[in-house]
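Hi there,

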Amino acid sequence: MNGQIFQQKTFKYQANTLDELRRKFQMVADEPALIQLLEQTDCLSFLSADPR
């Protein structure tokens, strides 16, 4: 915002949503086309591991 770095705390809803996406990803984690797309968009690391 106006050239400054903006940070926001994580809200419970956001954390729960990410947990749900990770859970659903595990059901389709063996789909090569999906894995390729997630790698190309730099999303795979967020879904394949739980950093907590």
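Predicted model: local features only at pLDDT ≥ 70, side-chain atom pairs only at ≥ 80, totals over all residues.

Setting aside residues up to four places away in sequence, Phe-46 touches Leu-18 and Arg-22, where contact means heavy atoms within 4.5 Å. Phe-46 itself sits in helix α3; helices here are DSSP runs of H or I with at least four residues, strands are runs of E with at least two, and both are numbered from the N terminus.

Residues are numbered from 1 along each chain as its sequence is written, and side-chain values use heavy atoms, with hydrogens and water left out.

Leu-18 belongs to helix α1 and counts as partly exposed, because its relative accessibility is 29%. On this scale buried means under 20% relative accessible area, exposed over 50%, and partly exposed in between, using a 1.4 Å probe and protein chains only. Leu-18 and Leu-47 are 29 residues apart in sequence, yet 7.9 Å apart in space from C-alpha to C-alpha.

Leu-47 brings us to the core. Which residues make up the largest nonpolar core? The five are Phe-25, Ile-35, Leu-38, Leu-44 and Leu-47. A nonpolar core is a set of buried Ala, Val, Leu, Ile, Met, Phe, Trp, Tyr and Cys residues joined through side-chain atoms within 4.5 Å. Helices α2 (32–40) and α3 (44–48) each supply at least two residues of this core. Leaving aside neighbours within four places in sequence, Phe-25 is in contact with Leu-34, Ile-35, Leu-38, Leu-44, Leu-47 and Ser-48. In soluble globular proteins, nonpolar side chains tend to be buried together.

Two exposed residues may also interest you. Asp-42 lies in the loop between α2 and α3 and has a positive phi of about 60° although it is not a glycine. Its relative accessibility is 59%, so Asp-42 counts as exposed. Gln-7 is found in the segment before α1 (12–28), and Gln-7 is exposed because its relative accessibility is 71%. From Gln-7 to Asp-19 there are 12 residues in sequence and 21 Å in space, C-alpha to C-alpha.

As for the whole chain, the protein has three helices and zero strands. Its radius of gyration is 14 Å, well over the 10 Å that the globule rule gives for 52 residues, so the protein is more spread out than a compact globule. That radius is taken over C-alpha atoms, and the rule is 2.2 Å times the number of residues to the power 0.38. The C-alpha trace spans about 40 × 25 × 15 Å along its principal axes, and buried residues make up 12% of the 52 residues.

Happy browsing, and do write back with any questions!

Best wishes
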